[in-house]
Amino acid sequence: MEEDYGVTDSPRKGPTLSTSTSSFEPFDAHDPNLSRLATKMFQKTGDYITHELASTVDDYKLVESMNRAMMGKVADMRQMSQSIAAKNAELNQKYEDLKPLLQRIDDIESTVDKLEAAAYQLDSYSIRLENKFKSLKAKQ
């Protein structure tokens with residue numbers, strides 16, 4: 001079998017390199033209705049593609065607008081977090097300044113607890129001593 005390398009026969013002109021089965025031949029007279037319909041089809045296809053592209057452009061504009069809004073929100077959050085970090089550092093410094101005083105308060109509380117325990121022991125001892133004194137006085 002002989003290879004024809006894409007050469008086909010045109011119904012009017014004979015062999016061509018086209019793989020199309022269309023009977024369209026350039027520079028031949030055509031049906032005006034077919035030409036009008038083809039023109040209308042190409043216009044409608046162009047309108048469709050134009051609207052599709054416009055829709056895509058609108059989508060990109062929306063995404064761009066959302067990105068701008070998000071950048072504003074992120075900038076606000078960054079400023080807020082920087083303010084919080086500064087206040088946190090300030091509070092940490094105040095805590096470090098108060099730390100020795102808080103330690104002294106803890107030491108005083110410990111001393112007061114020891115004094116209170118000693119006072120209870122002294123009170124208990126004085127009650128026992130008083131009871132012993134009363135019992136010795138009663139024996140006399």
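In this predicted model, the side chains of Glu130 and Lys134 form a salt bridge, with an N to O distance of 3.4 Å. Glu130 is partly exposed, at 42% relative accessibility.

A salt bridge also links Glu90 and Lys94. Here the N to O distance is 3.5 Å. Glu90 and Lys94 lie in helix α1, four residues apart, so about one helical turn lies between them. Glu90 has a relative accessibility of 39% and counts as partly exposed. Lys94 is partly exposed too, with a relative accessible area of 45%.

Arg68 and Glu64 make a further salt bridge through their side chains. Their N to O distance is 2.6 Å. Helix α1, which covers residues 32–139, holds both partners. They are four residues apart, and therefore about one helical turn separates Arg68 from Glu64. Arg68 counts as exposed, because its relative accessibility of 53% is over the 50% cut-off. Glu64 is partly exposed, with a relative accessible area of 39%.

The count of salt bridges comes to three. Side chains of opposite charge can pair when their charged atoms come close.

Methods:
Residues numbered from 1 in each chain as written. Predicted model: local features only at pLDDT ≥ 70, side-chain atom pairs only at ≥ 80, totals over all residues. Heavy atoms only, no water. Salt bridge = Lys/Arg side-chain N within 4 Å of Asp/Glu carboxyl O. Helix = DSSP H or I, 4+ residues; strand = E, 2+ residues; numbered from the N terminus. Buried < 20%, exposed > 50% of the residue type's maximum accessible area, 1.4 Å probe, protein only.
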